[in-house]
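Here are some notes for a colleague who is opening this structure for the first time. Please read them beside the sequence and the model.

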Amino acid sequence: PHGVPDDNIVENGDFITMDFGAVYKGYHSDMTRTVAVGSITDEQKYVYDTTLKAQLAAIEKIKAGAVCGDIDKTARDIIYDAGYKGCFGHALGHSVGIDVHESPNLSPNNQAILQVGNVVTVEPGIYIENKFGVRIEDMVYVTGDGCINLTSSKKELLIL
């Protein structure tokens with residue numbers, strides 16, 4: 001899930017995952033987008049679409065009073081039901097603030113309850129060993145009846 005620099009040359013059919021953020025007045029941001037180079041396979045398109053579907057479904061579940069583990073399960077179930085069990089090896093998200101990784105986390109078995117004002121990432125990913133990976137990450141602000149997405153970058157698959 002975390003890229004490591006190497007000497008590989010970017011080629012047609014590669015996915016490139018970009019995870020970045022900024023610091024403003026001591027507060028962090030965090031987002032990830034995955035883009036494709038040239039043409040992609042049907043499997044790559046399916047994995048991208050499944051990741052996006054999982055993210056959108058999880059975002060719909062976020063509101064004050066929601067259990068963190070339940071939100072993670074929403075995304076994880078979509079990914080696993082699509083045939084990618086074992087390919088989502090990290091938590092769905094984490095809180096962001098003074099530090100880029102804070103609590104509570106949107107992770108399996110976490111029974112913490114979201115509160116109004118929490119800022120959390122929603123970043124499902126599917127990583128197929130020795131092939132490719134996809135992650136889409138937004139940062140959202142928790143409200144009493146939902147959340148406000150603070151990330152305005154488009155999420156449609158961009159093919160360069």
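**Notes on charge pairs, core and surface**

1. In this predicted model, Glu123 has a relative accessibility of 8% and therefore counts as buried, the cut-off being under 20%. Arg135, at 3% relative accessibility, counts as buried as well.

2. The side chains of Glu123 and Arg135 meet in a salt bridge, with 3.7 Å from N to O. Because Glu123 lies in the loop between S7 and S8 while Arg135 belongs to strand S9, the pair ties together parts that are 12 residues apart in sequence. Together with Asp19, these residues are linked in a network of salt bridges.

3. A salt bridge also joins Asp138 to Arg33, where the closest N and O atoms are 2.8 Å apart. Asp138 lies in strand S10 and Arg33 in strand S4 (residues 31-36), so this pair ties together parts that are 105 residues apart in sequence. Both Asp138 and Arg33 are buried.

4. Lys45 and Asp49 form a salt bridge whose closest N and O atoms are 3.0 Å apart, and, being four residues apart in helix H1, they are separated by about one helical turn. Lys45 is partly exposed at 38% relative accessible area, and Asp49 is partly exposed at 34%.

5. The largest nonpolar core has 32 residues, and Val122 is among those with the most contacts inside it. Helix H1 (42-61) gives the most to this core, with six residues. Val122 touches, among others, Gln55, Ile62, Leu106 and Asp138.

6. Leu150, in the loop between strands S11 and S12, is partly exposed, with a relative accessible area of 46%.

Notes: Residues numbered from 1 in each chain as written. Predicted model: local features only at pLDDT ≥ 70, side-chain atom pairs only at ≥ 80, totals over all residues. Heavy atoms only, no water. Helix = DSSP H or I, 4+ residues; strand = E, 2+ residues; numbered from the N terminus. Buried < 20%, exposed > 50% of the residue type's maximum accessible area, 1.4 Å probe, protein only. Core = buried A, V, L, I, M, F, W, Y, C linked by side-chain atoms within 4.5 Å. Contact = heavy atoms within 4.5 Å. Salt bridge = Lys/Arg side-chain N within 4 Å of Asp/Glu carboxyl O. Lists of a residue's contacts leave out its neighbours within four places in sequence.
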